[in-house]
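Dear colleague,

Please find the structure we discussed below. My notes on it come after.

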Amino acid sequence: FWGDVTGTVGKIHWLVQELRNYTSGSNDKMIFFLKFKQNGNLIYTTSLITSDIDGTYDAGIDLSNLPAGTYDIYVKGFQTLTKKYSNVNIVNGENILNFTQTDPSNLTKGSINLTVGDIDGAGTSTASLGDDLVNSLDVTLVLGQNSNTGTFLRTDINQDTLVNSLDTTAVLLNINKVGDN
């Protein structure tokens with residue numbers, strides 16, 4: 001499958017946010033982006049990526065602009081705070097990243113989930129995925145969408161196709177939390 005890989009690519013196994021642990025029939029689909037830093041300096045940012053329903057992305061993320069080396073990787077989701085993974089080795093060729101483990105190179109699904117609640121901002125760019133703070137603005141947005149139904153609504157934190165008190169509670173549980181910088 002990956003035998004003809006040239007350059008550097010990434011695959012995601014897994015990326016899961018709170019309240020959406022994948023089991024048959026659940027939805028761990030996420031919109032996210034990755035930042036790669038060395039010594040605090042931003043080296044590369046991916047465009048927005050949408051994972052599969054189980055929180056994986058096998059299509060291959062083009063990392064050809066990223067030299068092989070050790071990086072701090074920051075993952076930011078459509079409804080989550082930024083999570084930092086330190087000292088991740090990126091090699092030429094295939095890289096499998098597992099954001100449910102403290103070591104993203106571990107292939108076994110772990111118990112780490114991204115913190116939910118940062119839903120302010122709107123749009124389709126990495127700059128519009130919130131302010132990396134869960135606050136009253138996020139709560140207000142969920143309350144304003146109460147009873148809305150649909151697929152992949154930003155205010156539907158648990159992705160059950162209905163914005164309701166479960167989504168409000170999820171945001172309130174993380175009030176005043178900030179993302180990793």
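This is a predicted model: local features need pLDDT of at least 70, side-chain atom pairs count only at pLDDT 80 or more; totals for chains, interfaces and linings use all residues.

Residues are numbered from 1 along each chain as its sequence is written, and side-chain values use heavy atoms, with hydrogens and water left out.

Helices (H or I, at least four residues) and strands (E, at least two) are DSSP runs numbered from the N terminus. Buried stands for under 20% relative accessible area, exposed for over 50%, and partly exposed for values in between (1.4 Å probe, protein chains only). Contact means heavy atoms within 4.5 Å.

Cores. A nonpolar core is a set of buried Ala, Val, Leu, Ile, Met, Phe, Trp, Tyr and Cys residues joined through side-chain atoms within 4.5 Å. The largest nonpolar core has 21 residues, of which Leu34, Phe36, Ile73 and Phe99 touch the most other members. At least two residues of this core come from each of strand S2 (31-38), S6 and S7. Another core, of ten residues, lies apart from it and includes Val139, Ile157, Ala170 and Val171. Beyond four places in sequence, the contacts of Phe99 include Trp14, Leu34, Ile73, Tyr85 and Ile112.

Helix H1. In H1 (residues 136-144), Asp138, Val139 and Val142 are buried. Seen down the axis of H1, its buried residues fall within an arc of 100 degrees (taken from the directions from the helix axis to the C-beta atoms), so they line one face of the helix. These buried residues pack against helix H2 (165-173). The face turned away from the buried side carries the exposed residues Ser136, Thr140, Leu143 and Gly144.

Loop residues. Ile119 sits in the loop between strand S8 (93-97) and H1, and is buried with a relative accessible area of 3%. Leaving aside neighbours within four places in sequence, Ile119 is in contact with residues including Asp138 and Val142. From Ile119 to Asp132 there are 13 residues in sequence and 8.9 Å in space, C-alpha to C-alpha.

Thr82 lies in the loop between strand S6 (69-77) and strand S7 (83-90), and is buried with a relative accessible area of 11%. The side chains of Thr82 and Asp132 make a polar contact (2.8 Å); the term covers a pair of N or O atoms within 3.5 Å, where within protein one must be able to donate a hydrogen and the other to accept it, and residues adjacent in sequence count only if both atoms are side-chain atoms.

Regards
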